[in-house]
Amino acid sequence: MSEQPNPAVPNVGPFNPNKQHSDRERWICIYPAYINSKRTIAQGRRIPREKAVENPTYNEIKDVLGTSGFNIGVQNKTYPRERGHDMLVKGRIRVQLKNDDGSPCNPQYATRESILYFLGETIPKLKSRSAKATAGGESAASTGGKKKGKKK
């Protein structure tokens with residue numbers, strides 16, 4: 001009984017300089033921890049806290065990069081510096097940065113850092129983020145006032 005490979009998780013082997021830039025092995029990896037404002041640099045954040053996003057998910061990263069025209073792949077991997085193995089922090093996005101001739105796929109975002117900054121700017125503007133913010137604001141406003149109950 002042989003196991004069928006999962007097409008959503010591409011088989012990525014060790015680095016080989018003879019591979020083309022279009023091969024998934026040569027694409028860059030982006031973990032949600034790279035742009036998480038709740039993380040420290042020691043915990044894996046790669047951009048300044050002011051430009052980072054609070055608790056991004058791999059789905060948000062995938063949505064932003066996919067709609068921006070990048071070639072992406074999603075892998076069910078956990079960031080090595082993550083302590084817990086939550087489903088919320090799982091996910092690694094692979095992004096094609098260069099064409100086979102070495103030119104950037106998207107000249108506006110030619111480096112890994114420029115893509116991370118782009119994600120930090122764009123993820124807070126997502127509709128799913130704005131819906132969470134308004135729902136959170138309404139619940140915080142409704143719980144204001146005096147607390148009733150037993151004294152401690």
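How many helices and strands does the protein have?

1. Overall layout. This is a predicted model. The protein contains three helices and three strands. Read from the N terminus, the order of these elements is β-α-β-β-α-α.

2. Burial and surface. The protein has 152 residues, and 32% of them count as buried. Its accessible surface is about 10,500 Å², with 50% of that belonging to carbon and sulfur atoms. Taking contacts between residues at least 6 apart in sequence, 60% join residues at least 24 apart.

3. The largest nonpolar core. This core has 24 residues, and Ile30, Leu65, Ile115 and Leu119 touch the most other members. Two or more residues each come from strand 1, helix 1, strand 3 (92-95) and helix 2 (112-122). Helix 2 gives the most, with four residues.

4. Leu65 in detail. Leaving aside residues up to four places away in sequence, Leu65 touches Ile30, Phe70, Ile72, Ile93, Val95, Ile115, Phe118 and Leu119.

5. Aromatic pairs. The whole structure holds five aromatic pairs. In one of them, the ring centres of Tyr34 and Tyr79 are 5.6 Å apart and the planes stand at 90 degrees, so the pair is edge-to-face; the cut-off for that class is over 60 degrees. The two residues are 45 apart in the chain: Tyr34 is in the loop between strand 1 and helix 1, and Tyr79 is in the loop between strand 2 (72-75) and strand 3. Tyr34 counts as buried because its relative accessibility is 5%, and Tyr79 counts as buried because its value is 6%; buried means under 20%.

6. A tilted pair. The rings of Tyr109 and Phe118 have centres 4.5 Å apart and planes at 40 degrees, so this pair is tilted. Tyr109 is buried, at 14% relative accessible area. Phe118 also counts as buried, at 11% relative accessibility.

7. Ring pairs link Tyr34 with Tyr31 and Tyr79 into a cluster. The ring of Tyr34 also has a charge over it: the charged end of Arg46 sits 4.0 Å from the ring centre.

8. A backbone point. Which residue other than glycine has a positive phi near 45 degrees? The residue is Asn55. Asn55 lies in the loop between strand 1 (28-30) and helix 1 (58-67). With a relative accessible area of 42%, Asn55 is partly exposed, because that value falls between the 20% limit for buried and the 50% limit for exposed.

Terms used:
Residues are numbered from 1 along each chain as its sequence is written. This is a predicted model: local features need pLDDT of at least 70, side-chain atom pairs count only at pLDDT 80 or more; totals for chains, interfaces and linings use all residues. Side-chain values use heavy atoms; hydrogens and water are left out. Buried means under 20% relative accessible area, exposed over 50%, partly exposed in between (1.4 Å probe, protein chains only). Contact means heavy atoms within 4.5 Å. Accessible areas come from the Shrake-Rupley method with a 1.4 Å probe; for residues, only the protein chains shown count as cover. A nonpolar core is a set of buried Ala, Val, Leu, Ile, Met, Phe, Trp, Tyr and Cys residues joined through side-chain atoms within 4.5 Å. Rings of Phe, Tyr and Trp (its six-membered ring) pair if their centres lie within 6.5 Å; planes under 30 degrees apart count as stacked, over 60 as edge-to-face and the rest as tilted. A charge sits over a ring if NZ of Lys or CZ of Arg is within 6 Å of the ring centre and within 35 degrees of the ring normal.
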